[in-house]
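Subject: Structure handover

Hello,

I am passing on the structure we talked about. Please look through it first, and then read the notes below.

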Amino acid sequence: MKRALRLARKGRGRTSPNPLVGAVLAREDAVVAEGCHREVGGPHAEAEALTRAGREARGATLYVTLEPCNHYGRTPPCAVAVAEAGVGRVVVGMRDPNPRVKGGGVEWLRDRGIRVDTGVLEEECRRLNQPFIKHCTLGLPWVTLKAAATLDGRIATRTGDSRWITNEESRRFVHALRCEADAILVGIGTVLADDPQLTARLKRSPPCRQPARVVVDTRLRIPLESRLVRTARQVPVWVAAATDGESSEASERLREAGATVLRLPEKAGRVRLSALLEELGRRKVTSLLVEGGGGIHGSFLEEGLADELRFFYAPKVLGDSAATPMIRGGVRERMADAFAAYELKVRRFGQDVLLSGRFRRELY
């Protein structure tokens, strides 16, 4: 199952809205064949392993990180293929949370006399697919807050200068995170200050699947000459604006440029983020990388919408109280009211430090 988990990770950034899945066919201690779900629309992990095994699959044990599907989607049901190949036993990491599948594959196989064991390395399998599980069960994307800050928690000087806080190695890793996300989100303040591209710029084979770019822009202030709007026909740009926005003319100009305007309800004078997440979920976004700025990060935390943190710290101290903070949230008079983080991990990129963790104690 550990081998299957390693295989599953090969599909990162290319399988959404489908899950990451790995499969290994073995006979006693010998691996017969293996496979993974490499990209959306492609063969599932079980199908790839069975094809490679051919007749050797008969009587073998199949280890798979996720319950074999028993419904028709882009590909035929894997449970049927497993049975037809004559597999003698199936070991499943976790049940499929998809309401269309839940329990169906396991029970279908058992009804045909195939031994099925479940729950092997289940926690590791669930961790691997937290975005998929959340989207299946709640219809919402997995939300990661990403920021690059000085040691005193500042993401820009008082003049707005932020290039560059972290080193090139850290920035390269950020592009890897973008490769794995379905969408990247920033506030209009970040667009006006930095004019970002918000694309994944890594040389990979196969190339990165570019994430959709989302801008929270309640009053539609995004400039038509911004790099986001100018490239909207190449990589999707979704501008989240208020339902009762005044400028239908600005909305039409953005649409003509290739951007999509999402009209959403307001909360306290800005787009309601919970409504935006629901809309992104409907658009099959399973993972959302929130890149700021500080007000956006603060709003996601205040509304309890953040799942994960990826905070980069550079060996620099601004020491300026007017510099832009990493997070702008509400007033907290007691330390007991602070947001808790769990399962923190530290990674070094040269002299930069990446702090990763979760804002939720329990797994989805």
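The notes below go from the whole chain to single elements and residues.

This is a predicted model, in which local features need pLDDT of at least 70 and side-chain atom pairs count only at pLDDT 80 or more, while totals for chains, interfaces and linings use all residues. Residues are numbered from 1 along each chain as its sequence is written, and side-chain values use heavy atoms, with hydrogens and water left out.

Overall

The protein has twelve helices and 18 strands; these are DSSP runs numbered from the N terminus, with helices being H or I of at least four residues and strands E of at least two. Its C-alpha atoms fill a box of roughly 70 × 45 × 40 Å along the principal axes. The radius of gyration, taken over C-alpha atoms, is compared with a globule rule of 2.2 Å times the number of residues to the power 0.38. For 364 residues a compact globule would come near 21 Å, and the protein agrees with this at 23 Å.

Of the 364 residues, 50% count as buried (under 20% relative accessible area, with exposed over 50% and partly exposed in between; 1.4 Å probe, protein chains only). Among contacts (heavy atoms within 4.5 Å) between residues at least 6 apart in sequence, 71% join residues at least 24 apart.

Strand 14 pairs in the parallel sense with strand 6 (residues 142-149) over four bridges; two strands pair if DSSP finds at least two bridges between them. Strand 8 (residues 183-187) also runs parallel to strand 14, joined by three bridges. Val290 is the bridge partner of Leu145 and of Leu185.

Ser356 lies in strand 18 (residues 352-358) and counts as buried because its relative accessibility is 12%. Beyond its neighbours within four places in sequence, Ser356 contacts Leu309, Arg310, Glu343, Leu344 and Lys345.

Helix 6

In helix 6 (residues 130-138), the buried residues include Phe132, Ile133 and His135. The buried residues of this helix pack against several elements, among them strand 3 (61-66), helix 11 (273-282) and strand 18. Just after helix 6, Gly139 has a positive phi of about 75 degrees.

Backbone points to check

Most residues other than glycine have a negative phi, and most peptide bonds are trans. Ser16 to Pro17 is a cis peptide bond with omega near 10 degrees, and Pro17 is in the loop between helix 1 (2-8) and strand 1 (22-27). Gly292 and Gly293 are also joined by a cis bond, with omega about 10 degrees; Gly293 is in the loop between strand 14 and helix 12 (294-302).

Leu220, not a glycine, has a positive phi of about 55 degrees, and is buried because its relative accessible area is 10%. Glu343, in strand 17, is likewise not a glycine and has a positive phi of about 55 degrees. At 38% relative accessibility, Glu343 is partly exposed.

Regards
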